[in-house]
Amino acid sequence: MVSLVTPKPAKRSLSLPNILTYSRIAAIPVVIGCMYAQSIMGAPLWLRWVALFVFIAAGITDFLDGYYARMWDQQSSLGKMLDPIADKLLVASCLLMLAADETIRGWSLWAAIVILCREILVSGLREYLAVIRISVPVSQLAKWKTTVQLVAIGFLIAGEAGEMILPPTILIGIVLLWISAILTIYTGWDYLRAGIHHLTEEDR
């Protein structure tokens with residue numbers, strides 16, 4: 001008699017933590033679509049609130065997927081791979097859209113560039129370190145950086161709609177974006193230092 005057993009990876013791929021990660025990726029076109037329609041195509045301002053609501057929901061899943069994965073022991077290789085990718089896709093796409101609609105402009109573009117460059121650098125380092133089976137744990141400061149970054153983007157997504165309720169909404173977002181950029185440089189250096197250390201060790 002042949003026993004039909006569902007492979008473990010298939011089960012893990014449909015676990016709640018991974019589904020939450022998938023939903024974060026699926027939220028990206030909704031957020032960007034609402035922002036694009038409002039700012040580029042002249043759609044109503046309330047679409048910024050829709051974009052903000054979906055963005056906040058996506059940000060909450062970033063916390064919940066890791067929480068449930070640890071609590072229910074549902075951590076998987078797929079989840080570990082997709083989780084940081086989902087975060088970077090969400091942040092990068094929002095920053096690019098905010099630059100396109102000129103919510104981020106002038107000198108503030110440099111803060112966005114620093115954040116994007118750091119994400120690319122860290123992704124490359126993580127890929128290399130994974131090949132040699134080295135894991136660099138995420139520091140508490142890096143987690144705070146991510147939090148500040150998401151809050152900053154949230155304020156900027158609200159943009160003009162937010163300023164109808166809280167006049168300095170965009171200014172608050174820009175200030176937090178710069179703080180995030182500074183933290184990004186510091187935490188990025190930690191990853192770079194770890195990468196260089198292991199590179200030199202491998203070459204010996």
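Reader: Before anything else, what does accessible area rest on here?

Author: Accessible areas come from the Shrake-Rupley method with a 1.4 Å probe. The model itself is a predicted one. For this protein, the accessible surface comes to about 11,900 Å², and carbon and sulfur atoms hold 70% of that surface.

Reader: Thanks. How many helices and strands does the protein have?

Author: The protein has seven helices and zero strands. Following the sequence, one reads the pattern α-α-α-α-α-α-α.

Reader: And what share of the contacts with a separation of 6 or more comes from residues 24 or more positions apart?

Author: Such residues account for 79% of those contacts.

Reader: Turning to the interior, what percentage of the residues is buried?

Author: Of the 204 residues in the protein, 40% are buried.

Reader: Which residues have the most contacts inside the largest nonpolar core?

Author: They are Val31, Phe55, Leu95, Ile153, Ile157 and Leu177, in a core of 34 residues. Two or more core residues come from each of helix 2, helix 3 (46–71), helix 4 (77–100), helix 5 (108–131), helix 6 (140–163) and helix 7 (169–203).

Reader: Which helix gives the most to this core?

Author: Helix 6 does, with seven residues. In soluble globular proteins, nonpolar side chains tend to be buried together.

Reader: Could we take Leu95 by itself? What does Leu95 touch?

Author: Leaving aside residues up to four places away in sequence, Leu95 touches Ile104, Ala112, Ile115, Leu116, Ile153 and Leu177. Two of these partners, Ile153 and Leu177, are also named with Leu95 among the residues with the most contacts inside the core.

Reader: Now the outside. Which residues form the nonpolar patch on the surface?

Author: The patch is formed by Leu14, Leu16, Ile19, Tyr22, Met71 and Trp72. Together they have about 570 Å² of accessible area.

Reader: Where does the largest share of that patch come from?

Author: Helix 2 (residues 16–39) supplies the largest share, three residues. Leu16 lies in helix 2.

Reader: One more residue, please: is Gln38 buried or exposed?

Author: Gln38, which is also placed in helix 2, counts as buried because its relative accessibility is 13%, and the limit for buried is under 20%.

Reader: What does Gln38 touch?

Author: Not counting residues up to four places away in sequence, Gln38 is in contact with Ala43, Pro44, Leu45, Leu47 and Arg48.

Note on methods:
Residues are numbered from 1 along each chain as its sequence is written. This is a predicted model: local features need pLDDT of at least 70, side-chain atom pairs count only at pLDDT 80 or more; totals for chains, interfaces and linings use all residues. Side-chain values use heavy atoms; hydrogens and water are left out. Patches are made of residues with over 30% relative accessible area and no salt bridge: like charges are joined within 9 Å, nonpolar side chains (Val, Leu, Ile, Met, Phe, Trp, Tyr) within 5 Å. A salt bridge is a side-chain nitrogen of Lys or Arg within 4 Å of a carboxyl oxygen of Asp or Glu. Helices (H or I, at least four residues) and strands (E, at least two) are DSSP runs, numbered from the N terminus. Buried means under 20% relative accessible area, exposed over 50%, partly exposed in between (1.4 Å probe, protein chains only). Contact means heavy atoms within 4.5 Å. A nonpolar core is a set of buried Ala, Val, Leu, Ile, Met, Phe, Trp, Tyr and Cys residues joined through side-chain atoms within 4.5 Å.
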